[in-house]
Amino acid sequence: NELPPFTATFVLSLAKVQQMGQEAGVAPESLVDCLKCLHDFGSIVFFDEDELRDHVVLNPQWLADAMAQVLNCPRVVQGHVAAAKRLRERGELEEDLLTRCLWRHHKFRENQAV
């Protein structure tokens with residue numbers, strides 16, 4: 001009697017959040033302010049900036065764990081990869097490094113499209 005693996009949604013698209021907000025009766029013009037407020041309280045992660053606003057992180061701990069996974073990846077720690085060096089020295093995170101380090105872990109694999 002093996003239990004199926006637990007799956008949870010940690011990230012939603014802004015479009016999905018807008019749909020859910022509408023279904024819950026949240027006025028569309030109030031939604032971004034609501035998201036900013038929830039972000040300020042630490043309940044979600046939402047940045048109202050061009051390249052970041054399309055995603056809403058529902059669990060801030062998930063995002064912290066994702067970054068810890070990248071920073072603790074042996075390739076990053078050992079620094080043998082140029083992308084790892086740029087991450088450590090300049091804080092620049094490249095997609096290739098995410099693919100090799102973060103998205104391999106089962107906890108983050110299903111959010112690879114984000």
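Is Glu94 buried, exposed or partly exposed? At 26% relative accessibility, Glu94 counts as partly exposed. In this scheme, buried means under 20% relative accessible area, exposed means over 50%, and partly exposed lies in between (1.4 Å probe, protein chains only). The points below set this residue in its context.

1. Basis of the model. This is a predicted model, in which local features need pLDDT of at least 70 and side-chain atom pairs count only at pLDDT 80 or more, while totals for chains, interfaces and linings use all residues. Residues are numbered from 1 along each chain as its sequence is written, and side-chain values use heavy atoms, with hydrogens and water left out.

2. Confidence. The term pLDDT denotes the predictor's confidence in each residue, from 0 to 100. The mean pLDDT of the protein is 82, and 79% of its residues reach 70 or more. Among the elements, helix H2 (residues 28-41) has the highest mean pLDDT (96), whereas helix H4 (residues 74-78) has the lowest (67). Where pLDDT is low, the predicted coordinates should not be read in detail.

3. Overall architecture. The protein contains seven helices and two strands, in the order β-α-α-β-α-α-α-α-α from the N terminus. Helices (H or I, at least four residues) and strands (E, at least two) are DSSP runs, numbered from the N terminus. Of the 114 residues, 26% count as buried. The accessible surface comes to about 8000 Å², and 51% of this surface belongs to carbon and sulfur atoms; such areas come from the Shrake-Rupley method with a 1.4 Å probe, and for residues only the protein chains shown count as cover. A contact means heavy atoms within 4.5 Å. Among contacts between residues at least 6 apart in sequence, 43% join residues at least 24 apart.

4. Helix H1. In helix H1 (residues 14-23), the buried residues are Leu14, Val17 and Gly21. Seen down the axis of H1, these buried residues fall within an arc of 60°, so they line one face of the helix; the arc is that of the directions from the helix axis to the C-beta atoms. Ala15, Gln22 and Glu23, on the other side of H1, are exposed. The cover over the buried residues of H1 includes strand S1 (11-13), H2 and strand S2 (55-57). After H1 comes Gly25, which has a positive phi, near 90°.

5. Helix H5. Which residues of helix H5 (residues 82-90) are buried? They are Ala83, Ala84 and Leu87. Because they cover an arc of only 105° around the axis, they lie on the same side of H5. Glu89 and Arg90 are exposed on the other side of H5. Just after H5, Gly91 takes a positive phi of about 75°.

6. Salt bridges. Side chains of opposite charge can pair when their charged atoms come close. A salt bridge is defined as a side-chain nitrogen of Lys or Arg within 4 Å of a carboxyl oxygen of Asp or Glu, and a search of the whole structure finds five. One of them joins Glu94 to Arg86, with the closest N and O atoms 2.5 Å apart; Arg86 is partly exposed, at 24% relative accessibility. Another joins Arg90 and Glu92 (3.5 Å, N to O). Of this pair, Arg90 is exposed, with a relative accessible area of 56%, and Glu92 is partly exposed, at 34%.

7. A salt-bridge network. Lys36, Asp48, Asp50 and Arg53 are linked in a network of salt bridges.

8. A nonpolar surface patch. Met67, Leu71 and Leu93 form a nonpolar patch on the surface, with about 230 Å² of accessible area together. Patches are made of residues with over 30% relative accessible area and no salt bridge; like charges are joined within 9 Å, and nonpolar side chains (Val, Leu, Ile, Met, Phe, Trp, Tyr) within 5 Å. Met67 lies in helix H3 (residues 60-71) and is partly exposed, at 33% relative accessibility. Leu93 lies in the loop between H5 and helix H6 (95-102) and is partly exposed, at 35%.

9. Surroundings of Leu93. Not counting residues up to four places away in sequence, Leu93 touches Met67, Val70, Leu87 and Leu98. The C-alpha atoms of Leu93 and Val70 are separated by 9.2 Å, although the two residues are 23 residues apart along the chain.
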